[in-house]
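Here is a short briefing to read beside the structure. Please keep the sequence and the 3D view open as you go through the points.

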Amino acid sequence: MKTRLFPCLLLTTLVLPLAALAAPRDEIAGQYAAAAKAASPAFSGFSAARGEKLHFTKFGTGKAETPACTSCHADRPRSAGRTPAGKPIEALAVSVTPARYSDPAKVEKWFKRNCNDVLGRECTPLEKGDWLAYMITQ
Ligand code: HEC
């Protein structure tokens with residue numbers, strides 16, 4: 001019994017902190033999924049491939065100095081980025097920055113601000129969910 005309990009406890013201490021961050025991420029994705037479904041009954045799930053495309057597209061419909069998400073967030077999700085003012089930004093990939101996308105208010109605040117800067121409008125729930133699906137797998 002004792003020999004079985006130890007690996008079990010070890011697993012719990014290792015897995016719980018990661019699970020604690022994954023739970024809010026699932027909740028955020030769930031909220032975007034519900035909103036995407038409400039906007040279009042044909043919605044059939046998020047696509048990391050569409051999210052990747054959104055991330056790298058040069059829109060040019062927002063601010064001239066930030067045509068794409070990559071204007072601040074580096075060319076690769078696993079690399080650190082930089083704001084136009086030179087402030088460093090930690091990598092967006094969850095594999096590099098595990099605390100990413102665990103606070104719904106923070107996620108919404110930055111989607112709102114950054115989509116307006118890049119696209120000149122807010123992102124739709126479908127775009128947000130696709131983009132998150134991409135970053136979570138990076
Ligand atoms: C003008 C620079 C800039 C651009 C362009 C930009 N971002 Fe960001 N983004 C930031 C900063 C600064 C933060 C906050 C610092 C941080 O989270 O490390 C941030 C944070 C975020 C977050 C919150 C991350 C978290 O941990 O919860 C999301 C989501 C996000 N950005 C999405 C986008 C998307 C999508 C685009 C393209 C449509 C984009 N960003 C373009 C500067 C930018």
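Let's sort the residue types: Ala, Val, Leu, Ile, Met, Phe, Trp, Tyr, Cys and Pro count as nonpolar, Asp, Glu, Lys and Arg as charged, and the others, Gly among them, as polar. This is a predicted model, in which local features need pLDDT of at least 70, side-chain atom pairs count only at pLDDT 80 or more, and totals for chains, interfaces and linings use all residues. Residue numbers start from 1 along each chain as its sequence is written.

**Around the ligand**
- The shell around the ligand (residues whose C-beta atom, placed from the backbone, lies within 6 Å of it) divides into eleven nonpolar, five polar and four charged residues.
- Of the 20 residues there, T66, C69, C72, W110 and N114 come nearest to the ligand.
- The elements giving two or more residues to this shell are α3 (70-73) and α4 (104-119), and α4 supplies the largest share, eight residues.

**The overall layout**
- The protein has five helices and two strands, taken as DSSP runs (H or I, at least four residues, for helices; E, at least two, for strands) and numbered from the N terminus.
- Starting at the N terminus, the elements run α-α-α-β-β-α-α.
- Of the 138 residues in the protein, 18% are buried; that term asks for 20 or more other C-beta atoms within 10 Å of a residue's own, while exposed is 12 or fewer and partly exposed is in between, with C-beta atoms placed from the backbone.
- Among contacts (C-beta atoms, placed from the backbone, within 7 Å) between residues at least 6 apart in sequence, 59% join residues at least 24 apart.

**A walk along α4**
- α4 has 16 residues and reaches 21 Å from its first C-alpha to its last, close to the 22 Å expected, a span taken as 1.5 Å times one less than the number of residues.
- C115, V118 and L119 are the buried residues of α4.
- Seen down the axis of α4, its buried residues fall within an arc of 75 degrees, so they line one face of the helix; the arc is that of the directions from the helix axis to the C-beta atoms.
- Turned away from that buried side is a face with the exposed residues A105, K109, W110 and R113.
- Just after α4, G120 takes a positive phi of about 80 degrees.

**A closer look at V107**
- Where does V107 lie? V107 is in helix α4.
- V107 counts as partly exposed because it has 19 C-beta neighbours inside 10 Å.
- Not counting residues up to four places away in sequence, V107 touches I28 and Y101.
- V107 and I28 are 79 residues apart along the chain, and their C-alpha atoms are separated by 8.6 Å.

Key:
Two residues are in contact if their C-beta atoms, placed from the backbone, lie within 7 Å.
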